[in-house]
Amino acid sequence: MNIHLKQFFWALSGYFKAIIFIAKHKIWLYFIPPAILSGLIYYAGTAIEDILHQYDIEQVESFNELMFEIFKMLGMYILTLMAFKMRKYIVFVLLSPLLAHLSYVVEKKITGNNYTTSFSQLIKDIRRGIRIAIGNFLLEYLLISAWIILALFIPGMSLATPVFMFLVGCYFYGFSMIDYINERRKMTISQSVVYVRKNAGFAFGNGFIFTALFYLPYHVGILFAPILAIVACGIGMHYYLDKNLNSPANEKNTQTN
């Protein structure tokens, strides 16, 4: 079986283990902040949707006006997609302190590793999490916008747009989860990028469930997705990826021995 396909299923398995892990260690309180955020985003998202639905095409009388309306509609469409998917990155930014801390808690409970922590280190972790989220957001929507523009001129390409958006999102969301652990392992952002590319299947798998949960109605996915994803990522990286030769943890152990 292809290694990336194996990694994909490892990531999925991590979610099942995450549910057991959360129940065993009684860390339900971590769901409270996402629950509050879920309610806030639901009402904010409803307001944005109402504004976008009020848009109407004006009557055109020339070719130039028609082209203007077409590009204006394209802009509104991209804006709508951004409003729909931006909530995931808003979750990453606002919950960055919580996810960074929970990632540390999960690793400590699994391995017993006790990292030196301080307020300044926490701020550093938060800044990096926000930087990664913003960078991934810009890159993802650059790719999606380019795809949508191409789809205007290539017949049939637009039919694959939802699938393309879903897959691109899965990778970047999984990347964000993995980077919390990579940062703790003293990897630079560039090193983290290389690591995630080598383990792209795992990133896709982690982001796959994370993204799928966001399709639950009434933004309920925001309540479950971030916590389950970060716990599943920690479990999956420890029990699966750390056994591979490209794992920094494994390399460190090898050098020590």
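Of the 257 residues of the protein chain, 44% count as buried, where buried means under 20% relative accessible area with a 1.4 Å probe and protein chains only. This is a predicted model, in which local features need pLDDT of at least 70 and side-chain atom pairs count only at pLDDT 80 or more, while totals for chains, interfaces and linings use all residues. Residues are numbered from 1 along each chain as its sequence is written, and side-chain values use heavy atoms, with hydrogens and water left out.

**Overall fold**
- The protein chain has 10 helices and zero strands; helices are DSSP runs of H or I with at least four residues, strands are E runs of at least two, and both are numbered from the N terminus.
- Along the sequence the pattern therefore reads α-α-α-α-α-α-α-α-α-α.
- Among contacts in the protein chain with a separation of 6 or more, 80% come from residues 24 or more positions apart; contact means heavy atoms within 4.5 Å.

**Helix 4 against helix 9**
- Helix 4 (residues 96–111) packs on helix 9 (residues 221–239) at an angle of about 40 degrees, and their axes are 9 Å apart; axes are lines fitted to C-alpha atoms, for helices over the stretch in contact, and angles run from 0 to 180 degrees between N-to-C directions.
- Helix 4 passes helix 9 in a right-handed crossing, meaning that the near helix is turned clockwise from the far one by less than a right angle.
- Helix 4 brings Leu98, Leu99, Leu102, Ser103, Val106, Ile110 and Thr111 to this contact, and helix 9 brings Pro226, Ile227, Ile230, Val231, Gly234, Ile235, His238 and Tyr239.
- The residues of this contact divide into 11 nonpolar, four polar and no charged; Ala, Val, Leu, Ile, Met, Phe, Trp, Tyr, Cys and Pro count as nonpolar, Asp, Glu, Lys and Arg as charged, and the others, Gly among them, as polar.
- Helix 9 is mostly covered, with 15 of its 19 residues buried.
- At 1.5 Å a residue, the 19 residues of helix 9 should span 27 Å, which agrees with the 26 Å between its end C-alpha atoms; the expected span is 1.5 Å times one less than the number of residues.

**Glu107 in helix 4**
- Glu107 lies in helix 4 and is buried, with a relative accessible area of 11%.
- Leaving aside neighbours within four places in sequence, Glu107 is in contact with Gly112, Asn113, Tyr115, Ile181 and Arg184.

**Helix 6 against helix 7**
- The axes of helix 6 (residues 161–184) and helix 7 (residues 189–198) come within 10 Å and cross at roughly 125 degrees.
- Helix 6 and helix 7 are therefore oblique to each other; angles under 35 degrees count as roughly parallel, over 145 as roughly antiparallel, 65 to 115 as roughly perpendicular and the rest as oblique.
- Tyr171, Phe175, Ile178, Asp179 and Asn182 of helix 6 meet Ser192, Val193, Tyr195, Val196 and Arg197 of helix 7.
- By class, this contact has six nonpolar, two polar and two charged residues.

**Helix 8 and Leu213**
- Helix 8 is largely enclosed by the rest of the structure, because 10 of its 14 residues are buried.
- Among the buried residues of helix 8 are Phe202, Phe210 and Leu213.
- Leu213 has a relative accessible area of 19%.
- Leu213 and Ala225 are 12 residues apart in sequence and 5.9 Å apart in space, C-alpha to C-alpha.
- Beyond its neighbours within four places in sequence, Leu213 is in contact with Gly221, Phe224, Ala225 and Leu228.

Key
Buried means under 20% relative accessible area, exposed over 50%, partly exposed in between (1.4 Å probe, protein chains only).
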